[in-house]
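Please look at the nonpolar cores and the aromatic rings of the structure shown here.

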Amino acid sequence: MRPDILNPLFAEVTALKGVGPALAKPLDRLGLHRVVDIAFHLPTGFIDRVPRDELDMADAGRTIAITVTPVDYRTSSSPRGPMRVHATDAKGNYVSLIYFGGSTGWVKKLLPLGEAKRISGKLEMYGQELQIVHPDLAEPDEGFREREAIYPLSEGLTSRRLGQLAHQAIERTPDLPEWIEPGVKAQHQWPDWRDALARAHADPADHKARERLAYDELFANQLAFMLVRQSSRSRKGRPLNGDGRLRTMLNLPYAPTNAQARTIREIEGDLAQSAPMLRLLQGDVGSGKTLVATMALLMAVEAGAQGAFLAPTEILARQHYDTLRRTLAGLPVNVAVLTGRDKGRVRESTLMGLADGSIHILVGTHAIFQEAVAYRDLALVVVDEQHRFGVAQRLLLQEKGAAPHLLAMTATPIPRTLTLAQYGEMDVSRLDEMPPGRQPIETRVMSEDRLGEIVDALGRHLDGGGQAYWVCPLVEESEKSDLAAAEARAGSLQARFDDRVGLIHGRMKPAEKDAVMARFASGDLGVLVATTVIEVGVDVPNATLIVIEHADRFGLAQLHQLRGRVGRGTGRSICLLIRGNGLSETSRARLALMRETNDGFRIAEEDLRLRGAGEMLGTRQSGEQGYRLATPEHFASLQQTAHDDARLMIDRDGGLAGSRGQAARVALYLFERDAGVQLLRSG
């Protein structure tokens, strides 16, 4: 239960004065549904206003606040031209107030002749006269603040209105008990929490206030991870000591890389403990994660137990099943697959095999953790494409066995600074070298002006028996007319290549997606036009060309993931990045790096630098709370301190039972990282 002290903050936004259905709409577009959302919607900059009694040409270029009296109106002869309101200050100096595109009646109502008004805006020279375009107006009794915060907005909102709502939100904010270790707080000279929130809204340049709030969010996150980890570790698992007999029977075409061998040893060490393993395996596309997972599963089978291999989609599950069957051919190991598609006798037979232990390894989608699926002795769970599953889901998996060991895998290289932020409860292994024989992918950048040549080249590629992906950023033209949408692109390619072109996008039903993917995998389709749904794991060795439209609109890590769809066979693979003509410096740097390297870890670090942690963390599963107050700079400078402070609280300060722990419990609920508290309660 959320502590009562936080109730005023978690009230609906309509609890604030002046927020009715009309204002709730633009707030909703910004994701501001509750008072706490407004409190955490911090300004991104500010306007400094210079209060003036009289107009002065020396102030041109500055934002001023001044009282003026409108003296006449000048409307333009052109219907699109501006309306000018001539006004004078107290000394009779003239200024033109310029309004574009509005009705003249509205401007006259705003600025009646002969009535003094307090206005603010940027003073500019236009020829020999002073002017202000679209000045802000203040109520006579309200005036202007000399420094006013600028907020991220949506249509129908002004920064001033948001500032007023933020002021109300802060007034409702209670004084909360201190959760930061006193030494850390003193060392950084941070204000108290409520004071920090008020200061961050009043002055966006107040770095100490912003830093304190970011730290609180990072600390709550690290503490939640540690509680999750503590709960998992305290559950009594069982050691798995494989005798190596199955692994020695494996007939591998090549020796494992040093990175694979090291990781296999780390996993073997974890499995030998009675505390359940919680390990994240990061490896670039093609670095050999599946072999490591296979070795781990064989260790479980050697120890007389069962293993489960979980994939996010049906097509990936069947792909892993086929790979495992081929790898384990000739070994006395029974592998089965179970997805939502399996019904009737096939399903019944699989369920019986799991219950009596005759199935040693089960591969499947989350269907393998439904209530009806009972294992005789599940001791190891391997999760592929870990970022598709949130912390809560990671824990659900472990309910099926007597605290089974967990190996999570991701092909999305994560910068070291973010690994703690996303997977703080796990030990991490990295596969940072490629197996022999893996071909580097040749990456080329081409202008969208050369689209015709690219389609011709695609035709030659298909005629030679090749297959290709064609990736587009959005689904429908209506979303943004200037984007080449997947449906339109598929239509234009079908006009040229007939029924050899298939289309797949995120709004299709899973069964429809799987059917198109299966046709592509079997070679029935030559070109697969797709949105980014093909980003993860699909393995079609014959597809050696990928075309990515508007590549400058994608993040680096996403481009790298997409590129990894090719280069899976022995043939030479090419990735064509099609760019728009108006490239920003960041986009230029991104595309140059893609051309230069195939190293996913280097790309991930650069992506963090160019793009920022908020966006990278924002790609997680909906329902997983992201970061609202911590920026990439805060991650780099504060993450380790937050991690150490959370560990100190658990190890020395009595966990959540001590006085600081009671305060930290409030922080967990405030930042919605309460999964940690729930766990303690249930565990």
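In this predicted model, a search of the whole structure finds six aromatic pairs. One of them is formed by Trp-190 and Tyr-215, and it is tilted, with 4.8 Å from centre to centre and 40 degrees between the planes. The two residues belong to distant parts of the chain, 25 residues apart: Trp-190 lies in the loop between helix 5 (182-188) and helix 6, while Tyr-215 lies in helix 7. Trp-190 counts as buried because its relative accessible area is 5%, under the cut-off of 20%. Tyr-215 is buried as well, with a relative accessible area of 0%. Ring pairs also bring in Phe-219, so that Trp-190, Tyr-215 and Phe-219 make up a cluster.

| Charged residue | Ring | Distance from ring centre |
|---|---|---|
| Arg-2 | Phe-10 | 3.9 Å |
| Arg-147 | Phe-46 | 3.8 Å |

Next come the cores. The largest nonpolar core has 62 residues, and Leu-27, Trp-179, Trp-193, Leu-223 and Leu-670 have the most contacts inside it. Among the elements that give two or more residues to this core are helix 1 (21-29), helix 4 (159-172), helix 7 (207-234) and helix 23 (659-670). Helix 7 supplies the largest share, eleven residues.

Which residues does Leu-27 touch, not counting those up to four places away in sequence? They are Val-13, Val-19, Leu-32, Ile-38, Leu-157, Leu-162 and Leu-165.

Definitions and conventions:
Residues numbered from 1 in each chain as written. Predicted model: local features only at pLDDT ≥ 70, side-chain atom pairs only at ≥ 80, totals over all residues. Heavy atoms only, no water. Core = buried A, V, L, I, M, F, W, Y, C linked by side-chain atoms within 4.5 Å. Buried < 20%, exposed > 50% of the residue type's maximum accessible area, 1.4 Å probe, protein only. Helix = DSSP H or I, 4+ residues; strand = E, 2+ residues; numbered from the N terminus. Contact = heavy atoms within 4.5 Å. Phe/Tyr/Trp six-rings, centres within 6.5 Å; stacked < 30°, edge-to-face > 60°. Lys NZ or Arg CZ within 6 Å of the ring centre and 35° of its normal.
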